[in-house]
Amino acid sequence: MKKVILILLVLLTIGLNYNWQPIQMDDYAAAQLMAEIKGAVVQPGSYEITEKTTITDLIELAGGPLEEADLSSLNLNKQVLHQSVIVIPVYKDDKISLNSASLEELMRLKGIGENKARLILEYREAHQGFKTIEEIMNVKGIGEKTFEKMKDQLAL
């Protein structure tokens, strides 16, 4: 029992004599924020960003979009988060197959961003593919107006 009391007294003495210093939050705020941009930009790569950097800002940091860049599927005002990877798709005149296109390929469709592209993939899987291109209007968030914009890009 005496050993326990002695150890507690030693620990208490060390604790009382320790020079506690608060953590400076400025040290954490000064950490470098980075994001990567790929695809149809002049200089793809990693760039230092701020908390207020948007996709438009990041594209400009990368030297601007290439002529074949398809920005229609992107929310250019969206803030870029630390360690984000932003892919700028290329517009192609080729048709995109609803039954075999990847997420990135679906995002090239006019009016389709990442969320809608994921919904298309989920619908395709749940219904064993698309039977007609018009069936894409059964996907949540894709109506006649969106279909009219993209129908010339679609194939089965």
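Predicted model: local features only at pLDDT ≥ 70, side-chain atom pairs only at ≥ 80, totals over all residues.

Student: OK, how many helices and strands does the protein have?

Tutor: There are six helices and five strands. Going along the sequence, they come in the order α-α-β-β-α-β-β-α-α-α-β.

Student: And what share of the 156 residues is buried?

Tutor: Buried residues come to 31% of the 156. As for the surface, the protein exposes about 10900 Å², and 55% of that comes from carbon and sulfur atoms.

Student: Where does UniProt place the helix-hairpin-helix feature?

Tutor: The UniProt entry, which is unreviewed, puts "domain: Helix-hairpin-helix DNA-binding motif class" at residues 104-123 and 134-153.

Student: How much helix is there in residues 104-123? And in residues 134-153?

Tutor: Residues 104-123 are 65% helix and 0% strand, with the end C-alpha atoms 16 Å apart. Residues 134-153 are 35% helix and 0% strand, and their end C-alpha atoms lie 12 Å apart.

Student: How does the lining split by class?

Tutor: You get 11 nonpolar, seven polar and six charged residues in the lining of the largest pocket.

Student: Now some single residues. Where is L76?

Tutor: L76 is in the loop between α3 (55-61) and β3. Leaving out residues up to four places away in sequence, L76 touches T54, I55, T56 and I59.

Student: Why does L76 count as partly exposed?

Tutor: Because its relative accessible area is 27%, and partly exposed covers values between the 20% limit for buried and the 50% limit for exposed.

Student: What about N77, buried or exposed?

Tutor: N77 counts as exposed because its relative accessibility is 64%. N77 is also in the loop between α3 and β3. In space, N77 and T54 are 5.5 Å apart, C-alpha to C-alpha, while in sequence they are 23 residues apart.

Student: I was looking at backbone angles too. What is phi of Q83?

Tutor: Phi of Q83 is near 70 degrees, which is a positive value in a residue other than glycine. Q83 sits in the loop between α3 and β3. With a relative accessibility of 63%, Q83 counts as exposed.

Student: And what is phi of Q128?

Tutor: Phi of Q128 is near 55 degrees, again a positive value in a residue other than glycine. Q128 is in the loop between α5 and α6, and at 68% relative accessibility it counts as exposed.

Student: Let's finish with α6. Is F147 buried or exposed?

Tutor: F147 is in helix α6, and it counts as buried because its relative accessibility is 6%, where buried means under 20%.

Student: Which residues does F147 touch, not counting those up to four places away in sequence?

Tutor: F147 touches I133, E134, I136, M137, I142 and L154. There's also a C-alpha separation of 9.8 Å between F147 and L109, which are 38 residues apart along the chain.

Student: And E144, where is that found?

Tutor: E144 is in helix α6 too, which covers residues 144-150. E144 counts as exposed, with 63% relative accessibility. The C-alpha atoms of E144 and E134 are separated by 9.1 Å, and the two are 10 residues apart along the chain.

Notes: Residues numbered from 1 in each chain as written. Heavy atoms only, no water. UniProt positions renumbered as here; feature names shortened; annotations may be inferred. Helix = DSSP H or I, 4+ residues; strand = E, 2+ residues; numbered from the N terminus. Nonpolar A, V, L, I, M, F, W, Y, C, P; charged D, E, K, R; others polar. Buried < 20%, exposed > 50% of the residue type's maximum accessible area, 1.4 Å probe, protein only. Areas by Shrake-Rupley, 256 points an atom, 1.4 Å probe, with all protein chains shown as cover. Contact = heavy atoms within 4.5 Å.
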